[in-house]
Amino acid sequence: MSSATALDVFDRRESEVRGYVRAFPTVFDRASGSTLVDADGREYLDFFAGAGVLNYGHNNPAFTGALIEYLERGGIIHGLDMATSAKKAFIEAFERLVLAPRGLDHKLQFTGPTGANAVEAALKVARQATGRSNVVAFTNAFHGLSLGGLAATGNSHYRAAAGVGLDDVSRLPFDGYLGPDVDTLDLFEKMLDDPGAGLDLPAAVIVEAVQGEGGINVARPAWLQRLRAITEARGILLILDEIQAGVGRTGAFFAFEESGIVPDIVTVSKSISGSGLPMSLVLLRPEVDVWKPGAHTGTFRGNNLAFVSARVALETYWADDAFMKGVAAKSALLRAELEQIAAEHPEQGFVVRGRGLFHGIACDADRTLAGRVSKAAFERGLVIETSGAHDEVLKFLPALTITEEELRRGLAIVRESLAAVLAG
């Protein structure tokens, strides 16, 4: 059966809202590590990792074995926010392996299973804790597509789908938005101190240390440090959205770690479960945890299977620094190869940006180029997506567990695909 025929049922019955299947038109059947296999048995190298959900690869045996054992012994699967042994073990592991080594004393709130729900909770509790409604977000931000998160999201394509007003968010320029020589926080500080600026004192500022969907835009540590100082001096809560950039993606567990700041609130999702199972949480400084019992609930905020694989992921990869050293080595290889590709094509004006295994190569001169390279790469057996306001960035998001051989092979496919596209 051809791929087109196999996709007939999706065309016939699935909503027009579907997106990734249009970019990667085949029926995937199974996967292991950084390899996807479709129903016809064709293999694809994965530089997409479930949009950042699969930092540890597909069907990691460390997780699948633990999940099978848990299921076979009759472990609780659905627990709302009741106490379970799986949740207890995850909290203890997170406290021991993530919070304590970083000197963090945040409380954990388990929200509904999507990253957007974690953002909604973060915005709600910030407004409750401060008694203020306005929130500052940044250009090219992406914070989810439910209404609160969407109000803080910059992309007009997503915002246009809301159907209602998106209020109580003020937009300011992200680091680098006005060029490398402009500190965009000058504007923020000026507006906060000027009663004629029209900027209501925010309840919170929400920011990504590295913007993923916005085009792999990296905030400098000094910029984040200044943002933390500005917010702290004025009683504004600082929310770090670590949903895609966190859990090791940029080379440390949290992307904000390089700056040395301590946020008031942190949203975590995507790869936190390790296995790809839905899970989200919000980290709150204790004084910000002003929730009344049941004030933000959700039927699936107690996915105990996710707690099991999340605990195993922490114990397997974060008990020492060996994993992050491996990520750093592969990150250096990826960066060097992308810089070389850019140097080989000076006429395209390529810009390489990113950190860790979270990189992009942007082409503003031809904003269709990244999409065409992605399509050509898929035809050659590589799954890689685009990002940015115009989809002008080819986005490299491989599993952190990818081998050096797989990384080099994928980069070779990118080179081949780029050459084919440029040749016309």
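Is A89 buried, partly exposed or exposed? A89 is partly exposed, because its relative accessible area is 24% and the scale used here calls a residue buried under 20%, exposed over 50% and partly exposed in between (1.4 Å probe, protein chains only). The model is predicted: local features need pLDDT of at least 70, side-chain atom pairs count only at pLDDT 80 or more, and totals for chains, interfaces and linings use all residues. Residues are numbered from 1 along each chain as its sequence is written, and side-chain values use heavy atoms, with hydrogens and water left out.

**Stop 1**

Select A89 in helix α6, residues 85–99. Helices (H or I, at least four residues) and strands (E, at least two) are DSSP runs, numbered from the N terminus.

**Stop 2: the four-stranded sheet**

Select β1, β2, β3 and β15, which form an open sheet in that order with mixed pairing. Two strands are taken to pair if DSSP finds at least two bridges between them. Strands of a sheet pair through backbone hydrogen bonds, either parallel or antiparallel. The edges are β1 (28–32) and β15 (382–383), each of which pairs on one side only. Between β3 (residues 43–46) and β15 the sense is parallel, over two bridges. Select D46 to find V383 of β15 opposite.

**Stop 3: helix α14 and the largest cavity**

Move to α14, residues 369–379. Its buried residues include L369, A370, V373, A377 and F378. An α-helix has 3.6 residues a turn, so residues three or four places apart point the same way. After α14 comes G381, with a positive phi near 95°.

Rolling a probe the size of a water molecule over the atoms shows where empty space is left. On a 1 Å grid over the protein atoms alone, a cavity is a set of points where a 1.4 Å probe fits but cannot get out, while a pocket is an open set with protein on both sides within 12 Å along at least five of seven lines; lining residues have an atom within 4 Å of a point. Grid points are joined across faces, edges and corners, and a volume is the space filled by probe spheres set on the points.

The whole structure holds two cavities of 30 Å³ or more. Select F350, I361, V373, L394 and L418, which lie nearest its centre among 13 lining residues. The elements α13 (322–344), α14, β17 (393–396) and α15 (404–423) each supply at least two residues of this lining, and α14 gives the largest share, three residues. By class, the lining has 12 nonpolar, no polar and one charged residues; Ala, Val, Leu, Ile, Met, Phe, Trp, Tyr, Cys and Pro count as nonpolar, Asp, Glu, Lys and Arg as charged, and the others, Gly among them, as polar.

**Stop 4: the second largest cavity**

This cavity contains about 50 Å³ of space. Select T111, M279, S280, F300 and R301, the closest to its centre of the 13 residues that line it. Its lining divides into seven nonpolar, five polar and one charged.

**Stop 5: the largest pocket**

The largest pocket has a volume of about 1,400 Å³. Of its 50 lining residues, Y20, F142, Y158, E213 and E385 are the closest to the centre. Elements that each supply at least two lining residues include α7 (115–130), α14 and β16 (385–387). The lining comprises 22 nonpolar, 19 polar and nine charged residues.

**Stop 6: the second largest pocket and D175**

A volume of about 460 Å³ belongs to the second largest pocket. Its 23 lining residues have D175, G176, Y177, N217 and R353 closest to the centre, and they divide into eight nonpolar, seven polar and eight charged.

Select D175, in the loop between β6 (169–172) and α10 (185–193). D175 is buried, with a relative accessible area of 8%. Its side chain makes a polar contact with the side chain of R220 at 2.8 Å. A polar contact is a pair of N or O atoms within 3.5 Å; within protein, one must be able to donate a hydrogen and the other to accept it, and residues adjacent in sequence count only if both atoms are side-chain atoms.

**Stop 7: I216**

Finish at I216, in the loop between β8 (210–211) and β9 (217–218). I216 has a positive phi of about 60° although it is not a glycine, and it is buried, with a relative accessible area of 0%.
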